[in-house]
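Dear colleague,

Please find below the structure that I am handing over to you. The notes on what was found in it follow directly after.

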Amino acid sequence: MKHRYLPMTETDKKEMLETIGVNSIDELFSDIPERVKFKGEYNIKPKKTETALMKELTQLAQKNADLRSHTSFLGAGVYDHYMPVIVDHVLSRSEFYTAYTPYQPEISQGELQAIFEFQSMICELTGMDVANSSMYDGGTALAEAAMLSAGQTRRKKVLISSAVHPEAKEVVKTYAKGQYIEVIEIPHKDGITDAAVLKDMINDEIAAVIVQYPNFFGRIEPLKELEEIIHAQKSLFVVSSNPLSLGALTPPGKLGADIVAGDAQPFGIPTAFGGPHCGYFAVTNKLMRKVPGRLVGQTVDEEGRRGFVLTLQAREQHIRRDKATSNICSNQALNALAASVAMTALGKNGVKEMAISNIQKAHYAKAAFKAKGFEIAFEGPTFNEFVVKLNAPVKEVNKKLLEKEIIGGYDLGRDYSDLKNHMLIAVTELRTKEEIDTFVNEMGDYHA
Amino acid sequence: MHKDDQALIFEISKPGRIGYSLPEMDVPEIDINELIPAGYLREEAPELPEVSELDIMRHYTALSNRNHGVDSGFYPLGSCTMKYNPKINENVARFPGFAHLHPLQDESSVQGALELMYDLQEHLIEITGMDQVTLQPAAGAHGEWTALMMVRAFHEANGDYNRTKVLIPDSAHGTNPASATVAGFETITVKSGENGLVDLDDLRRVVGEDTAALMLTNPNTLGLFEEDILEMAEIVHAAGGKLYYDGANLNAVMSKARPGDMGFDLVHLNLHKTFTGPHGGGGPGSGPVGVKADLIPFLPKPVLVKQGDQYELDYDRPQSIGRVKPYYGNFGINVRAYTYIRTMGPDGLKAVTEYAVLNANYMMRRLQESYDLPFDRHCKHEFVLSGKRQKKLGVRTLDIAKRLLDFGYHPPTIYFPLNVEECIMIEPTETESKETLDAFCDAMIQIAKEAEENPEIVQEAPHNTVIGRLDETLAARKPVLRYQKQ
């Protein structure tokens with residue numbers, strides 16, 4: 001058969017078979033026992049030409065209500081943000097996206113340096129000493145933090161705030177089961193981790209306490225207060241954080257966090273129906289040699305020229321094999337590159353301006369809901385999300401909104417039985433005053 | 001600074017420059033101190049670069065010029081399947097209807113995305129010969145761990161808590177033992193015989209009532225098909241264990257032998273390898289897992305189901321191992337893999353494997369005079385050479401790899417698998433032309449000659465890369481892992 005991805009001609013094939021010393025390609029498969037041989041071809045859809053496939057998949061994509069044709073107020077861990085156009089131009093450089101892990105540093109300096117810069121930027125935002133080259137996503141990064149903590153403290157219990165992203169919480173629990181670690185939830189009070197209950201729950205058997213900042217309800221957790229309680233028991237303080245918020249908020253590293261993990265999706269990475277995004281993982285110097293995944297370090301060549309290599313690989317699965325504490329191999333390198341380009345484009349000033357714009361616009365929306373007679377659950381300072389109480393099921397309200405090409409907020413009743421009819425609303429810098437006003441209007445009489 | 005030094009983005013930063021255009025602040029602003037509690041408003045700005053848009057583009061273009069990808073040149077990195085990454089995949093993944101979907105939208109508004117996922121699952125079920133597939137794992141290692149968690153849940157559901165051991169051949173990928181450990185198992189190594197295949201006697205010796213599973217790559221990392229696979233399956237199943245297929249090498253057997261027909265109970269695939277992900281400089285990947293019917297109840301949540309003509313996500317899975325990842329996997333990579341499969345069709349996928357195997361055998365035969373060939377038989381999609389003859393001349397496999405850089409190639413995988421001395425593992429893939437294979441073989445043959453006649457040129461390689469061999473000891477001893485403003 002002829003195919004644009006398969007360059008061998010009949011003449012090539014003939015010459016090659018001759019060199020090998022066989023008469024047919026089939027002979028090369030003679031080592032597959034008859035009993036397991038698959039005969040014929042797969043029963044799958046026939047191939048399509050480039051044009052026909054583009055047409056079919058264009059139509060399939062158009063069946064979805066996307067965030068470009070609709071106005072979205074949905075967040076809950078994945079956000080519709082300003083993506084500098086330049087990000088995709090850099091990502092489209094195929095020297096980056098068609099390469100693999102930079103095992104040969106002499107011809108991978110581009111990737112290695114880009115990741116070194118990513119690590120540096122994550123350290124700057126989180127206020128931590130060391131960041132790795134990326135994890136799959138925020139949820140699995142948090143799970144790795146729990147496992148690192150258990151290994152480091154030799155303790156087998158982890159406390160996690162109920163105000164942590166519910167899906168991340170579930171992922172932590174799945175990983176914990178593998179490692180025989182017990183995960184116990186700390187309740188929230190008025191949308192904030194209940195410090196008084198935490199004080200009662202914590203003891204010297206607790207490896208780590210995991211909280212989210214800003215938390216799942218958009219609230220800003222009092223990290224300082226929590227830190228004292230946690231470190232009094234020598235437990236590790238793990239903070240899951242939206243890195244964009246850290247353009248405006250005091251970084252967890254300044255507030256005593258031992259591990260900061262999360263997802264860099266807000267920086268230049270499309271929502272993409274939930275993935276691929278880009279987990280990040282940052283720690284204090286003390287934990288440097290316990291970090292999962294790849295690390296890029298600076299060094300010199302024989303002539304003293306600065307260069308970058310994968311380093312501290314003794315920690316990693318391919319060296320430690322069954323002694324490894326994490327099995328991550330491939331990560332999200334290309335998305336770390338996207339996040340780097342976006343963080344670079346925003347820079348020192350833009351990241352702050354964008355974070356504050358989120359706070360201002362979300363606050364404006366919150367005030368508008370209040371003015372309309374809606375009740376805001378969990379009153380208090382928020383980043384770019386807040387919770388509104390409705391008088392009808394959120395799913396129903398969202399169906400109505402969809403008719404107006406609005407994607408409404410998240411149904412908290414899915415995860416919290418006491419929060420039925422509560423909508424978590426996200427307002428990012430992309431939403432205009434007009435869009436916010438329209439949204440509040442369309443929400444009409446759904447106030448409780 | 002040396003003239004060839006590439007500045008860090010931080011080093012070209014200048015206060016006052018910007019590279020962004022944020023949307024208007026069109027709502028009335030309130031004093032930020034009123035909105036953020038005292039002590040939680042950042043005082044020192046993060047030291048991110050201040051650069052113009054052109055600065056950014058020049059910087060990253062310069063970096064890309066210091067990087068080798070499949071589009072730059074031949075990349076025969078064994079077990080990594082560095083094939084051409086079709087451009088249509090990139091276009092399709094960027095359609096707004098795929099790229100800009102929120103995972104928590106109402107299911108009615110994402111039917112197109114769910115349909116694609118469902119159809120991809122159906123295709124992967126047929127390709128692997130399994131009964132069900134989950135697309136959730138983000139990469140190969142994540143898939144391995146997911147599958148092993150299911151094995152554990154399966155045994156525990158049978159009240160079988162003593163199956164604590166996972167058997168792994170000595171030629172396995174390093175992720176296999178690491179994944180088994182993270183899933184809470186102890187690992188036992190199974191030896192390979194002289195012929196490079198799993199030693200059945202050793203397997204019989206280690207298998208038992210405590211065996212949870214055997215993890216196997218077939219063809220194995222030496223590029224050899226495990227001919228005794230059915231006997232192995234029988235031994236493991238008779239002992240009550242499960243058989244796990246590491247799909248890293250699936251490019252070797254598409255349309256020739258399916259894991260499900262070989263007796264495997266679970267399989268993970270690397271969509272960034274066989275199905276043109278792409279590799280992205282080390283990710284993102286995608287590592288779907290396929291299982292036989294008796295393991296379906298343990299699949300991670302949610303499971304995608306079809307009700308009439310509607311697609312739904314089923315969360316009511318009481319025996320599920322739980323969530324392994326937020327949302328539904330690396331959807332963007334799955335879109336690319338689906339596009340690829342639909343571009344190839346059944347005859348295309350068959351041809352892929354045939355040419356991948358033809359190319360590997362051709363190269364093996366062209367190189368067998370110049371290098372030691374530890375296993376002289378037909379290989380599958382990849383083969384291993386040993387550089388021990390060259391080592392006697394003072395030229396190590398590492399030197400050979402570095403010398404290849406001078407010819408513009410990415411070197412093969414080296415020093416892996418661990419059971420071959422001075423190992424060189426070559427995987428050409430099906431998308432390379434005969435001219436490319438010949439030119440690479442010529443270079444390898446020339447290097448073998450150089451090792452005899454002029455070893456210094458190999459030992460001191462590379463000679464024309466942007467940087468020489470780097471001091472890795474220094475990097476590990478005095479780690480500098482970030483830029484810090486002086």
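**Two residues with positive phi**

E422(B) sits in the loop between β11 (413–414) and β12 of chain B; helices (H or I, at least four residues) and strands (E, at least two) are DSSP runs, numbered from the N terminus. Its phi is near 50 degrees, a positive value in a residue other than glycine. E422(B) counts as buried because it has 20 C-beta neighbours inside 10 Å. A residue is called buried if 20 or more other C-beta atoms lie within 10 Å of its own, exposed if 12 or fewer, and partly exposed in between, with C-beta atoms placed from the backbone.

The model is predicted: local features need pLDDT of at least 70, side-chain atom pairs count only at pLDDT 80 or more, and totals for chains, interfaces and linings use all residues. Residues are numbered from 1 along each chain as its sequence is written, while chains are lettered from A and ligands numbered from 1 in the order in which they are written.

In chain A, E405(A) has a phi near 60 degrees, again a positive value in a residue other than glycine. E405(A) lies in the loop between α12 (394–403) and β15 (406–407) of chain A. With 12 C-beta neighbours inside 10 Å, E405(A) counts as exposed. As background, most residues other than glycine have a negative phi, and most peptide bonds are trans.

**Cis peptide bonds in chain B**

N218(B) and P219(B) are joined by a cis peptide bond, with omega about 0 degrees. P219(B) is placed in the loop between β4 (211–216) and α9 (229–238) of chain B. The peptide bond from G283(B) to P284(B) is also cis, with omega near 0 degrees, and P284(B) belongs to the loop between β6 (266–269) and β7 (289–291) of chain B.

The UniProt record, an unreviewed entry, places the feature "domain: Glycine dehydrogenase C-terminal" at residues 353–456 of chain B. UniProt positions are given in the numbering used here, feature names are shortened, and annotations may be inferred rather than shown by experiment. Over residues 353–456 the chain is 50% helix and 10% strand, and the end C-alpha atoms are 39 Å apart.

E432(B) is located in the loop between β12 (423–426) and α14 (434–453) of chain B. With 24 C-beta neighbours inside 10 Å, E432(B) counts as buried. Leaving out residues up to four places away in sequence, E432(B) touches F74(B), N359(B) and L437(B); two residues are in contact if their C-beta atoms, placed from the backbone, lie within 7 Å. E432(B) and N359(B) are 73 residues apart in sequence, and their C-alpha atoms are 8.2 Å apart in space.

Which residues of α11(B) and α14(B) meet? From α11(B) they are N359(B), Y362(B), M363(B), R366(B) and L367(B), and from α14(B) they are L437(B), C441(B) and M444(B). The residues of this contact divide into six nonpolar, one polar and one charged. Ala, Val, Leu, Ile, Met, Phe, Trp, Tyr, Cys and Pro count as nonpolar, Asp, Glu, Lys and Arg as charged, and the others, Gly among them, as polar.

The axes of α11 (residues 331–367) of chain B and α14(B) come within 10 Å and cross at roughly 30 degrees. Axes are lines fitted to C-alpha atoms, for helices over the stretch in contact, and angles run from 0 to 180 degrees between N-to-C directions. α11(B) and α14(B) are therefore roughly parallel to each other; angles under 35 degrees count as roughly parallel, over 145 as roughly antiparallel, 65 to 115 as roughly perpendicular and the rest as oblique.

**Between the chains**

In chain B, 172 residues are in contact with 172 residues of chain A. On the side of chain B that touches chain A, α11(B) gives the most, with 22 residues. By class, that side has 90 nonpolar, 50 polar and 32 charged residues.

Helix α5 (residues 109–126) of chain A packs with helix α2 (residues 53–65) of chain B at an angle of about 135 degrees, their axes being 6 Å apart. α5(A) and α2(B) are therefore oblique to each other. G110(A), Q113(A) and A114(A) in α5(A) meet L63(B), S64(B) and N65(B) in α2(B). The residues of this contact divide into two nonpolar, four polar and no charged.

With kind regards
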